[in-house]
Amino acid sequence: MRPFDYARAADVDTAIATVRAHPGGAFLAGGTTEVDLVRQKVLRPDLLVDINDLPLNRVEDLPDGGLRIGALARMSDVARAAGVVDRYPFVAQALLLGASAQLRNMASIGGNLCQRVRCGYFRDAVSPCNKREPGSGCAAVTGFHRGHAVLGTSEQCIATHPSDVAVALVAADAVVRTRGPGGERAVPIDDFFLLPGETPQHEHPLEHGELITAIEVPAVPVARRSVYLKVRDRASYEFALASVAAAVDVRDGAVADVRLALGGVATKPWRARLAERSLRGRPATRDAFAEAAARELAAATPRPLNSFKVELARRTIVRALVALTSGDGR
């Protein structure tokens, strides 16, 4: 492991100032992914600033019926918070399916949103990777890419975003609250995750030294009837091959409101807006669900080893919506 300095911050402003003063500085929260990447020499910080003493771990009700989740709230605590379980079941389910119990007890919500991509070529620190070394190439394009993305890709990067809870939060129109050198700001969560395009090394619109302080989830009545469905190679802790966060409100047999977001198939948590628009006002039938899913996935650009993901994602969307509308979902 490459040597680095370590510091603990007692308040938010000190944490920001300390990281800001070191071009190679970074924040350290749960460290469940970050420490591994440092050990593998994928990340090479000069300084890690431990932020676990900061008062950013509460889950609070908002006046509008929404929730404010502190960036340092642990995944396990958020998953069992009454407001999450009752008003956003797909968020609670995504958290429980996102990691082992031991990891959930350590991993923070803010850190989960910022975790790096699941790509062996990124993580081996040797293969060409445009995220790790811009301009070096993407080994996955012609390599083993079974687990990689089919939506939102570019020739520069096809890595899949790994977070489960981010998918549910995107479906719920959450907002990421930050504080940095320029003060506080609010970033809609769909804008917080950047497509790779020509600059895959930029995954979030954060300045150096800018810290996530909270995630605010607005009141979303349709989310009370929601589900997070995750398809993976094994039932134990594993990343998604395809997943969907779905919420639906059916009135008089027709879809009055619907929220859909996909995981495991895109370079960012993928809000399925085409499918949503296709479904609103239509009969809540399997055929309508399948047509909407196909419309969303028409833009997919599969490669030889991951072409199965297009059909898998389509079936996962249909299965989640059928479960919710047949009485099998929450």
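This is a predicted model: local features need pLDDT of at least 70, side-chain atom pairs count only at pLDDT 80 or more; totals for chains, interfaces and linings use all residues.

Reader: Sheets, then. What holds strands together in general?

Author: Strands of a sheet pair through backbone hydrogen bonds, either parallel or antiparallel. One case here is an open sheet of three strands, with the order E1-E3-E2 and parallel pairing. Its edge strands are E1 (5–8) and E2, each of which pairs on one side only. From one strand to the next, the twist averages 25°.

Reader: How many bridges join E2 to E3?

Author: Four, and the two strands run parallel. To get your eye in, find Ala 26, which stands opposite Leu 48 in E3. Then look at H1: this helix packs on the sheet and touches E2 and E3, and its direction makes about 145° with that of E2.

Reader: Which loop holds Gly 24, and is Gly 24 buried or exposed?

Author: Gly 24 sits in the loop between helix H1 (12–20) and strand E2 (25–28). Its relative accessibility is 19%, so Gly 24 counts as buried. Leaving aside residues up to four places away in sequence, Gly 24 touches Pro 45, Asp 46 and Leu 47. Leu 47 is 23 residues away along the chain, yet the C-alpha atoms of Gly 24 and Leu 47 are separated by 6.3 Å.

Reader: Now an antiparallel example, please. What is the strand order in the sheet of four strands?

Author: The order is E9-E10-E11-E12, in an open sheet with antiparallel pairing. Strand E9 (226–231) and strand E12 (270–271) stand at the edges with a single partner strand each, so one side of each has no neighbour in the sheet. Helix H5 (residues 89–97) packs on this sheet, touching E9 and E10, and its direction makes about 25° with that of E9.

Reader: And what about the inner strands?

Author: E10 and E11 run antiparallel and are joined by nine bridges. You can follow the pairing at two places: Val 244 has Leu 262 in E11 as its bridge partner, and Asp 249 stands opposite Asp 257 in E11. On its other pairing, E11 runs antiparallel to E12, with two bridges between them. There, Leu 262 stands opposite Trp 270 in E12.

Reader: Where do the side chains of a strand point?

Author: In a regular strand the side chains alternate between the two faces of the sheet. As for how covered E11 is, seven of its ten residues are buried.

Reader: How do I read the turns between strands?

Author: Look at how many residues lie between the strands, then check phi. The hairpin of E10 and E11 has two residues between the strands, and Asp 252 there takes a positive phi near 55°. Asp 252 is not a glycine. With 85% relative accessibility, Asp 252 counts as exposed. The hairpin of E11 and E12 has six residues between the strands, and Gly 264 in that turn has a positive phi of about 80°.

Reader: Which other residue has a positive phi although it is not a glycine?

Author: Ala 125, with a phi of about 65°. Ala 125 is in the loop between helix H8 (120–123) and helix H9 (139–142). Its relative accessibility is 26%, so Ala 125 counts as partly exposed.

Reader: On to helices. What do I look for when two of them pack?

Author: Check the angle, the distance and the residues that meet. Helix H13 (residues 286–297) and helix H14 (residues 308–325) pack at about 145°, with axes 9 Å apart. The crossing is right-handed. Among the residues that meet are Phe 289 and Leu 297 in H13, and Ile 317 and Leu 321 in H14. By class, this contact has eleven nonpolar, one polar and two charged residues.

Reader: Last one: how many aromatic pairs does a search of the whole structure find?

Author: One. The ring centres of Phe 192 and Phe 193 are 5.3 Å apart and the ring planes are at 85°, so this pair is edge-to-face. Both Phe 192 and Phe 193 are buried.

Key
Residues are numbered from 1 along each chain as its sequence is written. Side-chain values use heavy atoms; hydrogens and water are left out. Rings of Phe, Tyr and Trp (its six-membered ring) pair if their centres lie within 6.5 Å; planes under 30 degrees apart count as stacked, over 60 as edge-to-face and the rest as tilted. Buried means under 20% relative accessible area, exposed over 50%, partly exposed in between (1.4 Å probe, protein chains only). Axes are lines fitted to C-alpha atoms, for helices over the stretch in contact, and angles run from 0 to 180 degrees between N-to-C directions. A crossing is left-handed if the near helix is turned anticlockwise from the far one by less than a right angle, and right-handed if clockwise. Contact means heavy atoms within 4.5 Å. Ala, Val, Leu, Ile, Met, Phe, Trp, Tyr, Cys and Pro count as nonpolar, Asp, Glu, Lys and Arg as charged, and the others, Gly among them, as polar. Two strands pair if DSSP finds at least two bridges between them.
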